[in-house]
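Please look over the sequence and the model below before reading on. The text then goes through the model step by step.

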Amino acid sequence: MTKTAELLPGTLDMLILKAVSLKPLHGYGVLLRIKQISGEALDIPQGSLYPALYRLEHQELIAAEWAQSDNNRKAKFYTLTPAGRRRLKEETASWNRLAVAMSAALSATSEEV
């Protein structure tokens, strides 16, 4: 059984941008894709997702278009805009720098101090 991880503040937007960068997705599809690409470790509540989608659309980082979902329902599908692609690239680089720094800090031993 996989344990879910707690989402760090400020990371939901980056995860949404990553999810929709892979292919256009409707809201629930974004939830499923984040869960999938995180190895089932991240489970985003719908109450957090939809305000974030609205915010990212308002910031013109994602674009939305109505279309038919797999179950023949009308759904809003999200895609990454050029500005969203730039933001995702910046956020990814920043996150990777932080991950390297945290890894170095957490693996320090008393002999190194």
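What follows describes a predicted model, beginning with the sheet and ending with a loop residue.

Three strands make up an open sheet, ordered β1-β3-β2, with antiparallel pairing. The edge positions are taken by β1 and β2, each of which has a single partner strand, so one side of each has no neighbour in the sheet. Between β2 and β3, which run antiparallel, there are seven bridges. Within this part of the sheet, E65 stands opposite F77 in β3.

The helix α1 lies across β1, β2 and β3, and runs at about 100° to β3. Eight of the 11 residues of α1 are buried, so this helix is largely enclosed by the rest of the structure. The buried residues are L12, D13, M14, L15, I16, L17, A19 and V20. They pack against β1 (25-26), α2, α3, β2 (62-68), β3 and α4 (82-106).

The axes of α1 and α2 are 9 Å apart, and the two helices pack at an angle of about 100°. An angle of 65 to 115 degrees counts as roughly perpendicular, and α1 and α2 are therefore roughly perpendicular to each other. On the α1 side the contact is made by L15, I16, K18, A19, V20 and L22, which meet V30, R33, I34 and I37 in α2. By type, the residues of the contact of α1 with α2 are eight nonpolar, no polar and two charged.

The next topic is the nonpolar core. The largest one has 22 residues, of which I16, L17, V30, I34, L49 and I62 touch the most other members. Two or more residues each come from α1 (12-22), α2 (27-37), α3 (46-58) and β3 (74-80). The largest share, seven residues, is that of α1. What does L17 touch, leaving aside residues up to four places away in sequence? The contacts of L17 are L56, L61, I62, L80, G84, R87 and L88.

The last stop is L42, in the loop between α2 and α3. Is L42 buried or exposed? Buried means under 20% relative accessible area, and L42 is buried because its relative accessible area is 14%. Not counting residues up to four places away in sequence, L42 touches A5, L7, L15, I34 and K35. K3 is 39 residues from L42 along the chain, and the C-alpha atoms of the two are separated by 8.8 Å.

Key: Residues are numbered from 1 along each chain as its sequence is written. This is a predicted model: local features need pLDDT of at least 70, side-chain atom pairs count only at pLDDT 80 or more; totals for chains, interfaces and linings use all residues. Side-chain values use heavy atoms; hydrogens and water are left out. A nonpolar core is a set of buried Ala, Val, Leu, Ile, Met, Phe, Trp, Tyr and Cys residues joined through side-chain atoms within 4.5 Å. Buried means under 20% relative accessible area, exposed over 50%, partly exposed in between (1.4 Å probe, protein chains only). Helices (H or I, at least four residues) and strands (E, at least two) are DSSP runs, numbered from the N terminus. Contact means heavy atoms within 4.5 Å. Axes are lines fitted to C-alpha atoms, for helices over the stretch in contact, and angles run from 0 to 180 degrees between N-to-C directions. Angles under 35 degrees count as roughly parallel, over 145 as roughly antiparallel, 65 to 115 as roughly perpendicular and the rest as oblique. Ala, Val, Leu, Ile, Met, Phe, Trp, Tyr, Cys and Pro count as nonpolar, Asp, Glu, Lys and Arg as charged, and the others, Gly among them, as polar. Two strands pair if DSSP finds at least two bridges between them.
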